[in-house]
Every structure is written in C-alpha cells, then in structure tokens.
Number of protein chains: 4
Amino acid sequence: MCGIVGMVGNGPVNQDIYDALLLLQHRGQDATGIATAESTGVMHMAKAQGMVREAFRTRDMRSLLGSVGLGHVRYATKGTASSEEEAQPFYVNSPYGIVLIHNGNLTNTRELTAEMEQRDRRHLNSSSDTELLLNVLAHELQTTTSPVDLDPDRIFEAVGNTHRRIEGAYAVIAIIAGYGLLAFRDPFGIRPLILGRRRAADGSTGSPTQPGDEWVVTSESLVLENADYEVVREVAPGEAVFISNDGELFSKQCADSPVLAPCAFEYVYLARPDSVMNGVSVYESRLRMGEKLADTIAKHVPREKIDVVMPIPDSSRPAAMEVARKLGIEYREGFYKNRYVGRTFIMPGQAVRKKSVRQKLNAMSTEFKGKNVLLIDDSIVRGTTSKQIIQMARDAGALSVTFASAAPPVRYPHVYGINMPSKHELIAHGRTIPEIAEELGCDHIVFQEVDDLKAAITEGTDLDDLDMSCFDGRYVTGTVTEEYLDWVERSQTS
Amino acid sequence: MCGIVGMVGNGPVNQDIYDALLLLQHRGQDATGIATAESTGVMHMAKAQGMVREAFRTRDMRSLLGSVGLGHVRYATKGTASSEEEAQPFYVNSPYGIVLIHNGNLTNTRELTAEMEQRDRRHLNSSSDTELLLNVLAHELQTTTSPVDLDPDRIFEAVGNTHRRIEGAYAVIAIIAGYGLLAFRDPFGIRPLILGRRRAADGSTGSPTQPGDEWVVTSESLVLENADYEVVREVAPGEAVFISNDGELFSKQCADSPVLAPCAFEYVYLARPDSVMNGVSVYESRLRMGEKLADTIAKHVPREKIDVVMPIPDSSRPAAMEVARKLGIEYREGFYKNRYVGRTFIMPGQAVRKKSVRQKLNAMSTEFKGKNVLLIDDSIVRGTTSKQIIQMARDAGALSVTFASAAPPVRYPHVYGINMPSKHELIAHGRTIPEIAEELGCDHIVFQEVDDLKAAITEGTDLDDLDMSCFDGRYVTGTVTEEYLDWVERSQTS
Amino acid sequence: MCGIVGMVGNGPVNQDIYDALLLLQHRGQDATGIATAESTGVMHMAKAQGMVREAFRTRDMRSLLGSVGLGHVRYATKGTASSEEEAQPFYVNSPYGIVLIHNGNLTNTRELTAEMEQRDRRHLNSSSDTELLLNVLAHELQTTTSPVDLDPDRIFEAVGNTHRRIEGAYAVIAIIAGYGLLAFRDPFGIRPLILGRRRAADGSTGSPTQPGDEWVVTSESLVLENADYEVVREVAPGEAVFISNDGELFSKQCADSPVLAPCAFEYVYLARPDSVMNGVSVYESRLRMGEKLADTIAKHVPREKIDVVMPIPDSSRPAAMEVARKLGIEYREGFYKNRYVGRTFIMPGQAVRKKSVRQKLNAMSTEFKGKNVLLIDDSIVRGTTSKQIIQMARDAGALSVTFASAAPPVRYPHVYGINMPSKHELIAHGRTIPEIAEELGCDHIVFQEVDDLKAAITEGTDLDDLDMSCFDGRYVTGTVTEEYLDWVERSQTS
Amino acid sequence: MCGIVGMVGNGPVNQDIYDALLLLQHRGQDATGIATAESTGVMHMAKAQGMVREAFRTRDMRSLLGSVGLGHVRYATKGTASSEEEAQPFYVNSPYGIVLIHNGNLTNTRELTAEMEQRDRRHLNSSSDTELLLNVLAHELQTTTSPVDLDPDRIFEAVGNTHRRIEGAYAVIAIIAGYGLLAFRDPFGIRPLILGRRRAADGSTGSPTQPGDEWVVTSESLVLENADYEVVREVAPGEAVFISNDGELFSKQCADSPVLAPCAFEYVYLARPDSVMNGVSVYESRLRMGEKLADTIAKHVPREKIDVVMPIPDSSRPAAMEVARKLGIEYREGFYKNRYVGRTFIMPGQAVRKKSVRQKLNAMSTEFKGKNVLLIDDSIVRGTTSKQIIQMARDAGALSVTFASAAPPVRYPHVYGINMPSKHELIAHGRTIPEIAEELGCDHIVFQEVDDLKAAITEGTDLDDLDMSCFDGRYVTGTVTEEYLDWVERSQTS
C-alpha cells in the first residue's frame, strides 16, 4: 500500500508535494520520500522512515529545489520495514537520470531480476520491485533512444516495451532529468492514478515570464480538490502521460489490449471516502455496501437480536450508518478511536509489551451495557483485531454481539499491492462462516456477498469490472499461477 | 487547556504515564513533560515542545525511573508557545523537593507574584501560574511543617492555606520527594480530576515482596478505563488526596465552603466523548445538546430549507446525529477531516503561506451539490473557521447554508483555563444574531439557548451547577472583577 | 577536574562564555553547561553530555539571554559519567534564585548531606557535591538575610558561614538572580580562580546608555588573554568577590586564616602551558621541571645510554625540550598524536574492542630504529599507558628505553578535585623504583624528586606553599583523616 | 584536499574504515562518507557534512554491512561547502553497480561533461569531478565488457581507456558490486596512494572457513602502521590494482608513459609527519626544509637580530626546531594552539563576528616580551593569517619580528587537488619579497628557495621529480593551458 504524487509547477513544488503526501498518509505510514528536479536537470532527493510530519526537516525541504517533483508514502511489507535501502524514490543516472516511484506489485520479479543482472548488467541494490521497474524502464529508454534523441514518441515506445516485460499492478510516476514528468498505469488499471490541472491564470502561482498550466498526477482525487486542481481525467489503463518541464502535456495508449478492472479493496478500505476513483465516489460506494449488507443481515439475524448498530471507526462508519438507517435501528458510536499513537519503549531488563487493540480503541460502557449490539467493520482479514473488539464489547456489558463485515471473506492472497498476511493467517482460509464466528467469539457473523460488493461499487456507474481476487480467486492479469502463489506463500513465511 | 495525570505504581510508571498522556493529547499539543521519583527520593524529569510522540526519546524514557510519577500535556497560550521555560512540570528543592503540574488558571497572579518575590524570597523564573502555585504550596509546606515532621495532616493543612491564598480554577498533582503523590482541586471543582485504583491482585503488576494497590489521578476517566483502573471517585471540590510512596491513600476536604460548578466547556468541546465527568457522560451530554438544538432549529428554520444535516468533524458529530434524527432529516458526512497535519516550511525569499481550513477539512462536492445544508458545530468563538467552512460548502455547490452551534454565543472572556482570544476577537462580542449570520456569510444561524445547554449537561444527573461564564458573564469564584478582566484584555492584546 | 567561567558584560554573554569554555575544554570533556540571567532576574540554562562543540545547539544558545552568565566543563568521575542529573550548573529557587558551578571536591559530604536532609529540609537530587555546596550557600543566605534585604555584606557573611561548614577544595561561581555574580575560593586556594576586567571604553562592547566595566572570573588566565581582559588579580584564598548586575565590584576576605597552597598538579599536567597561575607561568614551571629532571637523569643514567630525547605529546613537551638542551642530546618528536578521536561502535553480536594507546599515538619507526631513547612524560599514575608506550617504542626498533617522569611517584589519593584511580591502582603504590621499572618494562626509570618539583614550581616566585598531597601524603586542609581516605577508597572500588 | 581509504577484509570493515578516516581527518574536515558492499553485491552508503566523529551515528554504522568498503574525508571548495549532493562516495548502478571516491582534480571537466551528457547519455547530478570520473569509468567498463563477462583484464582495459580520457591528478578507489575493490593512480602519481596487507594468520581477524589476506589502499602510510598492515608498496603512477571479494590481488600498469612527479605540497603542509610517501619520510623532509631554510636565513638576517626561534604550530614545528638547532638559537613555543574549535552562533539582530586567528592561537607574552623573534611557518598563501600572527607577536611585546616560510612564495594556481584561493588573492602574486614583508608588517621575511625545497624533499631518496607548479608555474601533466587557468580564475571569483 502506497500513495504517490507527481507535479509540474510554475515555481518550487516541494511544499505542495509535502502537503499532498500528508493527504495520502493513510495509504502508507512507514516511510516517505520526495524527489525534485531543477530546470537544469539537477535532481534532489530526501527519504526517511516514519510519517511525513516526522520525516522531513527544514534542511531537507530547503534542498528540494525545482518545479518538477514527485513524492511517495509507503506501507512497509514484512521484513523490509527497517531498511532504508527499500524506501522510494529510486534513482538511476544512466540513461538521462531518472527517479521513479510506484504503487502496486509486480508478479514476475524473479524473471526480471535474472534478466537485469545477467543480460542488462544493471545492479539491483534492494529487493524492491520499484527498483526493478525503474531499471526495466531505464533499459528500454536506453535501447529505444540510442542513438536518437529523446522525445515523447520514444518515451511512449519505451513504456510500451516496459508494459510487455512486466506483469502485475502498477501506477508509476517518474522524472526524466532535463525533460519532464512521466506517469503510466498498468493495462488493467488495477491501481489508481488521476490527472489534474491548474490553469495558468490562477493568481496564486506564476513566473515572471509566461507561466504555463500546472499539472498533478496522484493516487487519489482529494489531492486535486484540496489544492484547487481541476480533474482532467484518470490516466487510462495502459496509458502514459508525459508533461514536459515547460508544462506541455503528451499522452498515448501504450498497451495492446487495456481493460479497466480496478482493485475492489480501494473502495472497501484503502481509499479516503472523499475520493472519486474510476468515476465512483468512495463514500457513496461505502453507503451502498451498508445498504446491501443490511439486506443480508436482515436475512440471517432476527431484528430483535439487535438493539444498536455501531461502526468500528473510522472506515466502516458510512456503511454502518446505512445499515442502521435501512434496518431502522438506533446508530451509536460506542467505540472511540485514540488518534494519538505512541511508542512502546523497551526498558533494560523488561520484556516487550504486547500491543493491544485497547491502545487504539476505547469502548464506552454506557453504550454497551445491557444491549444486543451489531458491530460493523469494513472487512475481516486476520481476525485478531475483530476478536479483541468483540471481547471489549462483552467486557463493556454487551448482552450479545453480532459482527458484520462490509466485505466478503478474504480467502485468497492479494498480489496486486495490498499488504496482506500469508494465506494461512487469513481467518477465512479453510473455515466455514460458523467456524469463523466461533473463532472470533461473536454470537452471529454476517459477511457481504461477493456479488453485492461488486454491485455496491459499480452500480449506477460506467465501471463494469473489478479485481476481487482476494475474495473470489480470479486474478485479472491472467498471469498469476499456482506456482507463483506458492512461492509468495513460502517467501512470506520464511 | 491542559491534561494531567499522576500515578503511584508497584513498578516503573514511565510507560504508563506516557500512554496516559497519549490519551490526553487532545487537551494540549504544544508541550509535554513527565517527572518521576524513585523510592530514594531521587527525581527525574523530561519535558519538550511538541506532541507526546515526538517529544520523548528512548533515552528520556530510560532516565525516568521510579514508581511514582506525573505527566502533563499543554496547549500554549499566545506569546508563550516557544518558551521551554514555561513548560510543566515545575520543580523546587526546598522544602523536601517538589514537582508539580496543574490544569487551570489562577486569577490573582499579580498579588501572588508580589508576595512571593518581596516576602517569601522565592524566585519565579517564568510567567507561568503553575510555578507560582508550586511556590505558594512550597512556602505553606515549609511554614506548616517547620520544625515538625511531614505527615498527611501537615500536608492537608498546607493545601488548606494554599486554597486561602490562591484564586481561580486549578486541578493540581504534585510529588513530594521521598513521601508520595499529592492531588487537589479548586473549591468549585471547575477543572476535572478523577481518582482510580488497580487492585494489588492484578497479575500484570506486582513487586517481589508485597505489592499494594496502584493509584492514578487524572483529568479524564478514559485514562482509567483504558488501563484497567476502577473508578474510585472524582476528587471533590476543595478536597486533597495524598498517596504515600507505598500506596496508602489519605484524603481530606481542605476548603471552607466547597461547591461543585464545573466548566461547561469540557462538555461542549474539550473532553473526549468517552469520558464521564462529574457523573455526566460527555457523549450523552452531546447527544442531548443535539436534541435541544433540534428544537431551537425547528423553531427558527423552515423544515423545507434543510435537505441534509452535516457535522463539522469531529466533536460535533454526536450533536449533529441527534439533530438529524430528531428533525427526521438525512445525516451525511460531507466534510472529511485531514488527520495528518504537517508543517509549513519557510523557504528563503518566500512569504509565509496562510494556513487555511482547507488543510484540515475537505468538502465532498457530491454531498453538497444542489442541497440545502445544515452544518452543526460545537461552538463558535472567533468565527474565522466557520466563515471559511461556510464558503467551502458554497464552493462545493450547496444551495443554501444554515449554521447551528451546539453552544450559545461566546460573549465573555474565559478565565478558568480554556484558551480563548481577547474579547474583541469574539465574533459574538457586540453583534446581534443576524449580524453574526451576515458576518459569517450563512443564510441562517441558530445558537443553543443558555438554559438548554445547562439542561443538556445536567439533566438526569446529580450535577446542578456549572461555570458558564463565557456565555453568561457569571464567574463562579466570585473574585473576578472588571478591573481584572480589563487587565487580562490588555495583556492579551499587547 | 573541571573548568569554570563567569561573566558580567554590557550585552549578551552567551557566545563569550561558549568561547571561554572551548579554551577550558582541556579541563573536562565529559559534560558542559551554561546558565545566564537577564536583568529582570529570569535565568536560562542549557547543559549536556559531551564536548562544548557538540553539546550546544543554536536553539540552546538563542535561549541563553542575559548579560550575566557562567559556564562549566566537567570531567566525569567513575560511575557518574552517564548521568545528566550530575551535570553542572545546579539551580535552587529559594531564596532569590541561585545557579552555581564549582571546581574542586568537598571532603565532608557525608556530614553535610545529613544536615541538609534532616535539618534544612533541602532536597538533594544527585550525589554531586556541587548541589550540596549550593544548598549550604542557599541556606546560609536565607538565614543571614531574613528578614533583611540582600546586599554585599550579607552575601559575604553567608560566604563566611559557608566556609565554616564545608571542607575541601573549591573555586565557586554563582549567579544570584536579579543581583549579580558571586565567586569565592577555598581558604587554601587549592583550586585556581582569576579575575579580569575589560574597561568600558573598549569599542568592541558597549550599550546605548552608559556601559560599565565588564568582568570575568575563571580557572585560567588564558581566557582573559584570549578575549582582551586585563588581569586584575587572582581571587585570594578565602576571598569572595561580588559583581553587581550593573558592573560594580565588591570583595572581602571571608575566611578566618587563609593560606595559599595551590594544587601542584595544575602545573604538572592539568593547566594549559600559556596560563599564569598564582603568579607562576605554567610553561616556565614545566621548563624548570625539565631542567631539574635533567640533573636527576644525569645522576642515574650514563650519558651514552641515551641517543635521543622524546616527549610523550603534548603536555611533557616543554620539560622534554629542556632535558634535551641541558643534557646536550638531540630532541626529536618520534610520537605523533592523533588529534581526532572517534567512537567505537558496538555492532550486534560483536564484543567491545579494547581501546589502546595506538589509537592516540603513532610511533615513527625512522626515529626509533637502532636508538637508545629517553622518553619524558609529565607523570605516571596507573602506568598502563606508559607500559604500552614503552612497548610501542621497542616495536618501532628502539635499542633501549629510558623513561622519565617530570613528577614524583604518585603514592597517595588526591582528594582535592583531580580525578585519580583508587590507591591500589596506582603503579607507585607499594612498589620501589626498580619494581616500577620492571612492571613498566623499561630499561631505566627516573622520577622527579619531590623537592625539585616544589622548587620548579615556586622558584623565583612569591609562592611558597603547595598542595602536593598525592606525592607526599600531607593534606593541606588538615581535615583529611585515615577514616575518610578509607571511605573514599571503598566508594571507588565498590 | 581529501583523504581516501579502501579495504577488503575477512569480516565487517565499517569500524576499520571509520578508524582510518579519523587518521586521515587532517586531509579534509568538511564532509565524509563510507560505502560498503556485502558479498551478495548489496551496497550500503552513509555520508554527511562535518567531521568523522560527528557525521556517523550508530544507526549509520550498523547499516554499513560487508567486508569490502571505502571511505572519504573532504575539504570543501568554495561554493560547494553546503551541498550534500557534492559529497563522496558517488554511485552508479549501470553497469554492475559501482561506488567511487577520488582525491585530486581533473583539468578537462568541460570536455568530459559535454561528452557525457551529449554522447554517453549519463546524468551528472553535481558539479563534482568525482561523479564525472565515475561515469567515465562506468562507460568504459560498459563498452569494454559488453557482451563479455567482467574479469581483471577487462577492468584494467577500462582503466587504461579512462586514463586516456581524463586529465589531471587523481587517486581513485572504487567498489564493483559483487566483484571487488579497484584502485588506480594518475600517470604522474601526483596524489598519493599506498597498498598494505595484513597476513591471514593474524589472530585478530579471520573467518570460520579459510580467511585470506586482508588489504588496504589509502592516502597515507600511517593508516597502515596504525592498524598493523605491512606496507606492500605504493601504487605506481598509472597502475591499477584490483582485489577480488575473496582477497586475491591483481595489478597492472595501465598508462602509456607513466612518470612519478608527486605534489610537493604534501610534504610542505598536507601530509602527516609520521607518513612515508613515495619513499620519503614527511617528518625528515620537514627537518631538511628547516636545515636549508636556516642557511637562507643566515644569508639574509644578521644573527644578532634573532633572540629566539618559534614555530607557528603545528606543521612547522620540525622545520623550526632544525632552524634553531642549525642557527644555534634558543627554540621556544610562544604560541599555543587552541585544540577545541567551536561555532559562532548568529543571534537574531546581531552581526556575524569576524573569525580571527586569536580563536586558534594564543601568544604567551612571557616568551615575547623584549625579544627579537623569528617565526617559522610552513608556507604563506593568502597572508591574512600571517599578518595577524605578526601583529599578535608585536602585541605580546616582541622587539622585532622576522618571518620565515619553509616553502617558496606561492605565485601560481594549484590545479591538482590542493585548495587554494584565486591567483589575485595570493599575497606573493605580483609582489616582490620586500613588498610582501611590508604588506605583512614584519621586519624581515625569508622564503625557502625553490631548489632548496626540491632538494629537501628528494635528497637521499630515489625520488627525482616533483610537481611544484604553484611555486614555479610548470604543470607536470602538460595539458594545463593559459585558457584553462583563466577559466579556473573566472569560476572562482564569480
């Protein structure tokens, strides 16, 4: 899980990229990085562990000169958390000087790594698929343009070749030093990428001579709204856009047979509710998830077994409100989320304390005492948090606890860029619905139906396909084999 | 605005105090400090600017040894923000060695300062009333106990003398080195203070020999709930409690005619909804504020002028939900709060950017377009934020904007520890209701009635008096003069 | 071992004190602190572990406002190295507000601690004798001045009472908030303290109105020379000087029968050669130590057994040059001192490396090969370093190694503020001269005679007594008992 | 001015490289960097502004894994001081992954930059000639080895091609990821580079299986001495050595007509006296400089005009001792060097203080009063420091001041890696000897003769040529044109 943003402005973009990363912080909180380029081609980069607010110091920001830039927030996967070498952006100086960031996951990294080291003689200094992707692009640019000069057509040709070599999900932003900003999206549009423009007339910007339009490409539309960019369009599956240093936009479809099948998990959990993604309002899709979930609950749970509906804050709130409204049951916020998360300090001679849900949520006993409660969460993955929450509700005095998930059971690995545990850690793996209820310790459990989730997201929109592989096992790219899934499983558990 | 906590444990209390401060972070985010005392009497202290998560480093925490401790979070008042010398706790080494923290505001600082410097020869190194309060207490302890030994009776006598010398609102926690933890509350109980106990049998704690009970005193009950302390009671107005280093509790009423009249603003805005304060659930009082506000809205605004009810997140959410329910109008969350707040870096040669509400809130246009919206906020103080929010609603496409405040107009200074601007900056100062609406740019404005607010807080509880001075100009301590208010006004604007 | 400085200036003194501490850095490199006072009485303090250059950040310096200030560098004694609570200056707020620093060592800390805690009810938060000294002074000021106002006479009375209560060696500087700077020296003048003045007319300083003289008191005269202060005089044994905030100087002899008997070790090793102390040039005293040592060498070592004379850099260089000149033997610098000292990082799973003399010195084999070398050091304490140096000389090819010490054998504990190991770790403890040579592994060893050292320091000067207790066991204060020495020994080895 | 070191060890080399950099710290104090490579090829890098002791934190050191590594200390040239992008090492990932450091200066950077950007399409992100050198080497390795595999022959072929493309002075160390450590020296051997080995049998090192020899290449021999490496030889002018990851050494002469003509300034000032460079002991060459200088002084200054000889510490000490010995005049150290250098803090509203020599040196007036002094310095470049020193001597009471320089007048730019000011700032530029004396304010001035300097360095050694271009204007590489010198001059003053 990552958030990305790129900008071409009429003046320094460092603060604007910083502000955008704050808005994307929910997509990754473990590391962050910014790179900028001056018109001379000189590039600057700062990256660090931790959240945006903590990571960048004044001296970093002052060094990030230039009117072209990009930024990244990152959720570290298991085993890579502490390694600064894994943090984005990545940089290569040959050819041209390129920095690149990426949201997604490549599924043919083993083949690409072998090609890179044995054939292309490019050094990979990390296990990051972003470094791999950058080097594939760099190699294709080198091959394509030599000995011809760089122009948008050559760049798009290189992106086309890159599409042919890499498999998986990817939304990519790169700076080519001295030229401009390149962005492209995988042929299935699995990960989001949206393009915005701020017209030159805007008084708040401007350069002495003749300022052109300002551009942004980023993961979520709220970044545009927040900084007064108008939405141009989403970057199409397989499409590449190139914005030259002086603000001219070029774009081209670079994939052979693109199909839009975005990741359903963006709507379920990852994206901010105030974003519109692939033409679908995330907030409204969550309201519809609640509506459809209400029907399923009504089918399985007697009305009198529920006195009150409560969300697990924050992402399930819209769905829970709709469940309450549709079922005609009182809605209450019995859990309060602790906004301020700190650290656990290890004192000499002390054991590490177990982190518990208690540090994140507080249950107001006045709301639970003597009531049959229906708790709504956006999804259930491992189930360990849900189990503790159910226990907290009981400790606070609930008579009975029904638990409902706005998403179907997660039964398959997610290989397109959402961090999930190994298959064997999924609570729904190899368990029936009643077995899940028993394992979690709730009186009843209700899951969204797969078709209902799809309908909740796509209903009344132009969108007609989704990647829902972690729910139904159908991987849209068509290149995910059993052997690959086994390898992923082995890598995660070793 | 401050949050305070003190603990006497069976082992090191540093991590527990740190965790408690995270839970109190909403009460102050500008500075924080922790002090601890070992059984030998050696004390340790760490304090720093910023939020808890940023302020304490591993080395600080490792130095905070001891099983008695206290901690503080602080909202800096104008002009003192950057001064580390103003940060709490404060320490004096004579007599005994005392560290002290305080939530509230003293109103006779001018007289006390003069006494201290001229008569008691105690040096004040800051303009903090906490340092003053500590030195009054220290002087009284010195006078009271000399040449007699310290015991709970002498301590309570000194607290009684302190009550007689100081005026205003104060909840105080102090450590007397080698003796134990002292806490007391002003004779009107304006600022909150609650006492909790964790029974010795609790397996998670315990010392090799004979562990006693563990104790906590703090601003809000959620700290107790979160760490499995049982509520013993709130410290009564004027009461002092003393917990010896080995866990024995002593308590005494030290004021002459105590009356409970807590600050209404805790319920309106400051406290966390999952706290219970003076026997009143903050969450439920906010629901009742919504209920009563709904009636007032119904009286003044035609039903058909409202299509949707929306809270200004987060604190007005319970009230807004109740308004919607009571009026039978759809409830929607059209504003999304940006959780991650960053910094504005000043680049050489650039002007400072104006901070706008836009950095904190995003308006989802899909929720506003073509609708008559009713926005609910907890209160309106300066009005500058409300004005921007109203404009955001219009920009997002609202047909009309009605604005309602769950609290009455703020017309008078708050002198009991809630930070408020100078009288002339209050939007309700010298304006009629229609003039306020015009100034804010909304179509209609509705304020809670003063009696309704009081009823919302006290209804169905044992509480029968409140400090509502900023709404009605009646200052419960009886010592606030016009001359004092003028002096405060002059101090703030100079 | 510590260095101290205090200043009363016509403008901010923070940078001047910082610069002075750099000049005193050789007297202590483990911790440092600065305190300043504004004319309003507000005091500021910053202290940290490490050397001056590393310890103070820009923000610290900016906070150190005021035209009266003091600073300290500290050599940590065993067991207290890592404790920030032990670092100077110390502060008490009652009476008046006092910060204090001290160079030296008190020998009746056990009695004083008991009095302080049981009778005076003053809390001691460290094991530092500086905190103790400050509280004795504070108590005497409180007693002396109450209820009378503070003036120089009362201050000197309190200093007199302090002299009567404390025993040992001490040079003290303190600020009394709102009044001025106080400095005094123990009745034997064991530790150095010198007073300097910069006349008001000096163009580099000056305030808008009527600037007075600027004053400095400090451990070594080079601080005066370096910053253009003229030497007024050394503070006499037992004398106190008080400089008011507006630059007026008062002074008084506060001891009953003062005698000047300064510590010989300042001349042997501690002081910088360009300082003049008690009227004696340190550099010239070291030249004389060489001269006299040459005679002793000539008596014990045949001339033909020495081809070359070499110093162990840096402090023995003047003595070595004189030895060479007097004996008419070539002088060469065969050892090169590594100026840049770093850290040893402990890698996970690695053992700590032993620090060796090799990291500090390099022997040039071209200078040693085939030669009979005479190595000169200032003194020999533990002998461990000397042993390694002798081995290095042999490894570099020396035919034979004669080792000479410009000081006599150290046979007794030093209790007046020079850090030395426990008696049993002294190489000269319980060993004859030949046994020492054997233990060190040199061919010959020569020590300065006790009388020669005294003559080298005092010859041609007005000085006629010295504390040479670590060489001859005679403790000048007359209060050092066998029982005390045993207690010190036990404290050090436990 | 830079210092470099590379190592191939049997275990982690991070601490050893850190220790070596401390020993090379005198060669550059503005920035430093370390890179290491694991046997897998993964590389790690840390670089920062400031001195070694301050620059590396524990976490940096822990990340520097691997048994192959290199390190750099840097003296920043004007205008680049604050830029982290200029700090070494530099890295390219194509081909193979290479990190590289360099001591020296290239004189055809303009041509190389153009080739690089226009023909080789390699991005240069700094103005550093090190980045340029790395990219030339990378391009030659890419061309040479494609599609053949990398082996020592190919590497040496690429070094040969690199020699042909670049001009100037350079001592280079690089790591090729997964292969080993490469080092080479320019065809005139202008900058130093020495090779050392630690035999496998050494008990302090070793790996479980079969440890090979350990190797070091570095700027100065003292690094070898200090860490028990034996000297293998100096890397010859034009030669390259390659040490594979498993410790096998390969070497080859890669230049067409190499000639040894090392930089004379290493002996005059830059190198540590305990180093042996090109077979010449630096310490002894400085003694000889003193001997010859004495003759010149004797010719020009009457013996009775000199009462005492004094060095300007530290580097002129050996020369000064020899001058004194030869002339039979007393040698005294009248200046004391302040070892601890701090910062000047800029307070709001204050002007920056001028840094003066006074902060670095203290003159002992007892040594100067009433004497005719002869001051010896290693060289005179700008003359500003000399001027202040002469004034200090007069202020301290000197009757007359004769100033002598162990090097001849500096009249020409230095283009081979010693930082010097622009030609117009050289005091000897366009001035006769008497004019220099007048400008400096001394009574007499004496400079070493050019031939004497050459003789002092080469006498009794195998060395017969030197680069002395800054004294005599003859640039040994033969490629330095007037046009180039003008361009350098313009670049420095713009």
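**Exercise 1.** Determine in which strand of chain A residue A:Val276 lies, and whether this residue is buried or exposed or in between.

*Solution.* Step 1: A:Val276 belongs to strand 14 of chain A, residues 276-277. Helices (H or I, at least four residues) and strands (E, at least two) are DSSP runs, numbered from the N terminus. Step 2: its relative accessibility is 32%, so A:Val276 counts as partly exposed; buried means under 20% relative accessible area, exposed over 50%, and partly exposed in between (1.4 Å probe, protein chains only).

The model is predicted, with local features requiring pLDDT of at least 70 and side-chain atom pairs pLDDT 80 or more, while totals for chains, interfaces and linings use all residues. Residues are numbered from 1 along each chain as its sequence is written, chains are lettered from A and ligands numbered from 1 in the order in which they are written, and side-chain values use heavy atoms, without hydrogens and water.

**Exercise 2.** Identify the residues with which A:Val276 is in contact, leaving aside neighbours within four places in sequence.

*Solution.* Step 1: contact means heavy atoms within 4.5 Å. Step 2: under the stated exclusion, the partners of A:Val276 are A:Ile194, A:Ser221, A:Glu234 and A:Ser281. Step 3: A:Glu220 is 56 residues from A:Val276 in sequence, and their C-alpha atoms are 7.3 Å apart in space.

**Exercise 3.** Describe the fold of chain A by its elements and its burial.

*Solution.* Step 1: chain A contains 16 helices and 22 strands. Step 2: of its 494 residues, 62% count as buried. Step 3: among contacts in chain A between residues at least 6 apart in sequence, 71% join residues at least 24 apart. Step 4: the C-alpha trace of chain A spans about 75 × 60 × 55 Å along its principal axes.

**Exercise 4.** State how chain B is laid on chain A, and which relation this is.

*Solution.* Step 3: the same surface serves both copies, as 100% of the contact residues of chain B recur in chain A. The superposition is by least squares on the C-alpha atoms of residues with pLDDT of at least 70 in both copies.
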